[in-house]
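Hi everyone, thanks for coming. Please have a look at the sequence and the model on the screen, and then I'll walk you through a few spots in it.

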Amino acid sequence: MITKDIQLPVKKSESGMVANVLEQFNKAANHIDLNPNIRRILNVTNNEIIIHFPVKMDNGNVEIFTGYRVQHNNALGPYKGGLRYHETVDIDAAKALAMWMTWKTSLAGLPYGGAKGGIKINPKLYSQSELERITRRFTYALGDNIGPEHDIPAPDVNTNAQTMAWIADTYMSTKSPAERSRYQHVVTGKPVGSGGIEGRDRSTGYGVFLTIKLWAEKRNVSLKGKRFIVQGFGNVGYWASHFMEQEGAILVGVQDAFASIYKPDGIEVKQLNAHIENHEGSVNLFPDAFAIEKDDFFGLECDILIPAALGNQITAENAHLIKAKLIAEGANGPTNVEGERILIENGIEIIPDILCNSGGVIGSYFEWLQNRNGELWHMDEVILKLEKVLKESFNKVYEYANKENVDMRTAAFCLAIQRIEKAYIQRGIFP
Ligand code: NAD
């Protein structure tokens with residue numbers, strides 16, 4: 001019997017994404033009748049670290065930045081999750097994203113828990129050398145709150161392989177010379193050549209594509225000629241589009257932080273990527289495409305929508321406009337609970353984030369193993385192993401959803417929570 005106090009965990013102060021992830025969690029926890037003590041543990045985050053740190057700017061002035069690292073749960077292994085540099089980063093976002101990481105790593109069967117963090121910053125306002133000093137000083141301030149067997153960050157919005165290289169170098173430089181190389185796996189998503197693994201750059205986008213393909217196979221449909229739109233054309237949006245195009249699907253619309261474009265006869269992915277490199281990172285002014293209003297983007301005619309930008313994008317305000325039959329969540333938390341209700345009523349299916357974009361953390365796990373074991377893995381091996389893990393996850397979720405008559409998100413959460421519940425029951429609660 002579940003008591004009322006456990007069913008209402010959302011504090012008034014926790015709006016936005018935390019409320020969203022807790023509602024998703026509670027829906028699944030109710031479905032599996034989760035042990036009430038374990039529900040209490042999983043309702044809260046283990047550690048929340050907020051750091052204010054000074055950095056000297058190019059002009060000699062000192063600016064103070066605020067960085068976050070939230071560690072939700074480590075019942076299954078070290079905390080794992082990305083670092084985001086964005087103005088929307090705050091404690092609410094870091095908590096929610098850390099919780100999603102716990103469910104994602106558990107669902108994928110990895111020996112990890114969940115964490116997330118970042119810096120509240122618009123990186124476009126800073127030079128490359130300022131960003132390097134900001135990253136290094138944040139890493140130094142985090143100290144041993146991160147570590148290769150404790151909490152392992154990775155790239156997320158506005159961070160990349162270069163950011164990870166700076167973090168690894170800074171963290172390793174704080175260790176004694178004879179020990180430094182033992183700490184290389186403090187972060188994943190590093191450049192190949194500095195401990196990175198081949199294929200990590202594309203692993204999230206490849207996973208997004210693969211889960212769409214697996215979904216299409218279950219529905220006996222081909223992706224050839226299917227029209228898709230993508231919100232966010234960074235690491236995830238680009239690679240997902242690349243693999244969708246290779247399969248014969250047609251990219252017809254893209255939205256990024258600066259512009260929204262529509263080209264009904266198709267946008268060539270390689271050409272758009274080259275355009276972005278010459279247009280300050282934006283899809284704006286792509287030749288022969290219509291520039292459309294931001295709020296008209298989700299209503300574009302298409303078969304598949306891939307949100308691959310920020311959280312809370314598909315809401316009660318715009319869900320009714322969506323014409324796609326399938327939403328593949330490349331981003332974390334792009335659909336809020338009210339938006340999802342409308343989508344389900346309209347018969348739109350969702351491949352949930354904790355499954356759809358889990359290729360990234362699976363690729364990160366391979367990099368971590370590579371560093372830990374002093375190995376060098378090759379692209380074909382990485383992709384093959386990634387496919388195997390993702391197919392297993394997808395099939396588990398799909399079968400559970402059918403057997404239990406629930407949507408795929410609830411199925412994914414149920415499976416993820418059950419794995420953690422089992423670990424707690426086997427181990428008990430100290431003391
Ligand atoms: P990125 O920084 O490489 O790209 C982000 C893209 O989103 C850019 O094109 C940017 O212009 C766009 N964007 C930002 N704000 C926007 C807005 N308000 N409206 C529309 N577009 C906007 O980031 P990424 O690594 O591709 O991450 C994208 C999403 O995927 C995030 O939600 C992230 O948490 C999730 N994700 C990333 C990974 C990974 O391996 N990088 C893994 C799993 C999940």
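Let me start with a word we'll need: a residue is called buried when its relative accessible area is under 20%, exposed when that area is over 50%, and partly exposed in between. Keep in mind, too, that what you see is a predicted model.

Is C414 buried or exposed? Its relative accessibility is 0%, so C414 counts as buried. C302 has a relative accessible area of 6%, and therefore C302 is buried as well.

How many disulfides does the count come to? The count comes to 0 disulfides, taking a pair of cysteine sulfur atoms within 2.5 Å as the rule. For C302, the nearest cysteine sulfur is that of C356, 15 Å away, and C302 is in no disulfide. For C414, the nearest cysteine sulfur again belongs to C356, at 19 Å, and C414 is in no disulfide either.

Next, the backbone. Most residues other than glycine have a negative phi, and most peptide bonds are trans.

Find D33, in the loop between α2 (16-32) and α3 (36-42). D33 is not a glycine, yet its phi is positive, about 55 degrees. Then go to D288, which sits in the loop between α9 (269-277) and β9. The phi of D288 is near 65 degrees, a positive value in a residue other than glycine. D288 is also exposed, because its relative accessible area is 70%.

And where is the cis peptide bond? Look at the step from F430 to P431: that bond is cis, with omega near -5 degrees. P431 belongs to the segment after α14 (408-427).

Let's move to charge. Which residues form a negative surface patch? They are E293, D295, D296 and E317. Of these, let me pick out D296, found in the loop between β9 (290-291) and β10 (304-307). D296 has a relative accessible area of 46%, so D296 is partly exposed.

One last stop: G143, in the loop between α5 (128-142) and β5 (151-155). At 23% relative accessibility, G143 counts as partly exposed.

Key. Residues numbered from 1 in each chain as written. Predicted model: local features only at pLDDT ≥ 70, side-chain atom pairs only at ≥ 80, totals over all residues. Heavy atoms only, no water. Patch = residues over 30% accessible without salt bridge, like charges linked within 9 Å, V, L, I, M, F, W, Y side chains within 5 Å. Areas by Shrake-Rupley, 256 points an atom, 1.4 Å probe, with all protein chains shown as cover. Salt bridge = Lys/Arg side-chain N within 4 Å of Asp/Glu carboxyl O. Lys, Arg positive; Asp, Glu negative; His and termini not counted. Charge placed at Lys NZ, Arg CZ, Asp CG, Glu CD. Helix = DSSP H or I, 4+ residues; strand = E, 2+ residues; numbered from the N terminus. Buried < 20%, exposed > 50% of the residue type's maximum accessible area, 1.4 Å probe, protein only.
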